Amino acid sequence: MRIQDDHHAMLRAPNGTPIIGIVGWKKSGKTTLTVRLVEEFVKRGLKLATVKHAHHAFDVDNGETDSARHRRAGASQVAVVSGRRWAMVTELRGAPEPNFEEIIAALEPADLIIVEGYKSSPIAKIEARRVKSLTTKPLADDDPLVIGIATDHAIDGKGLPVFDLDDIEAIADLIERILGPLPRQANSESSAGAQMQDPE
């Protein structure tokens, strides 16, 4: 069955932006693959947004910055703004972590969203595999939404296209082919990203 015919698959965000996931076990190379795909699609003229699942408690603003002091004083939400970028930091303080759909809906319009992590999300995915991965169980065996495998060693793709982890152009071509022609926003030069804790 083609992924386009899977009614459970979320191929686009609520605002219509196409979504692709990069999944893999720890040390599988998924972060490097994500970064290189962002670079490739930006080179192709697309505006990118990314979402990253963090496997640990992370801090985007620490030390003795004024905004960090605001948070430590008890502010539930802090906006840090400059002439080059801005960020909104929200403290959950025991509240449930936002779900996948809420995070996707919060992103600004882009030409493509690349999601790193969220192995159980209902989106099309590229699975990254490396010999050095701490777990070797193939994700594609149990996930029909995996559309291709990027690897640093010879494997049997069991009907799925298999790419070298370094063949970024070919992987990007597959993503464009599966998700359909990706729109190009005029003068799109930048990418945005969101990061949150990973329950996986």
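Is Tyr118 buried or exposed? In this predicted model, local features require a pLDDT of at least 70 and side-chain atom pairs count only at pLDDT 80 or more, whereas totals for chains, interfaces and linings use all residues. Residues are numbered from 1 along each chain as its sequence is written, and side-chain values use heavy atoms, with hydrogens and water left out.

Tyr118 counts as buried, at 7% relative accessibility; buried denotes under 20% relative accessible area, exposed over 50%, and partly exposed the range in between, with a 1.4 Å probe and protein chains only. The residue is located in the loop between strand S5 (112-116) and strand S6 (125-129). Helices (H or I, at least four residues) and strands (E, at least two) are DSSP runs numbered from the N terminus. The side chain of Tyr118 forms a polar contact with the side chain of His53 at 3.1 Å. Such a contact is a pair of N or O atoms within 3.5 Å; within protein, one must be able to donate a hydrogen and the other to accept it, and residues adjacent in sequence count only if both atoms are side-chain atoms. Gly21 is 97 residues away from Tyr118 along the chain, yet their C-alpha atoms are separated by 7.8 Å.

Of its 200 residues, 41% are buried. Among contacts (heavy atoms within 4.5 Å) with a separation of 6 or more, 64% join residues 24 or more positions apart.

Helix H2 spans residues 66-73 and includes Ser67. The buried residues of this helix are Ser67, Ala68 and Arg71. They lie on the same side of H2, because they cover an arc of only 100° around the axis, the arc being that of the directions from the helix axis to the C-beta atoms. These buried residues pack against S3 and strand S4 (86-90). Ser67, at 10% relative accessibility, is in contact with Asp61, Val78 and Val80 when neighbours within four places in sequence are left aside. The face of H2 turned away from the buried side carries the exposed residues Asp66 and Ala73. Just after H2, Gly74 adopts a positive phi of about 125°.

Strand S3 (residues 77-81) also contains Val81, which is exposed at a relative accessible area of 62%.
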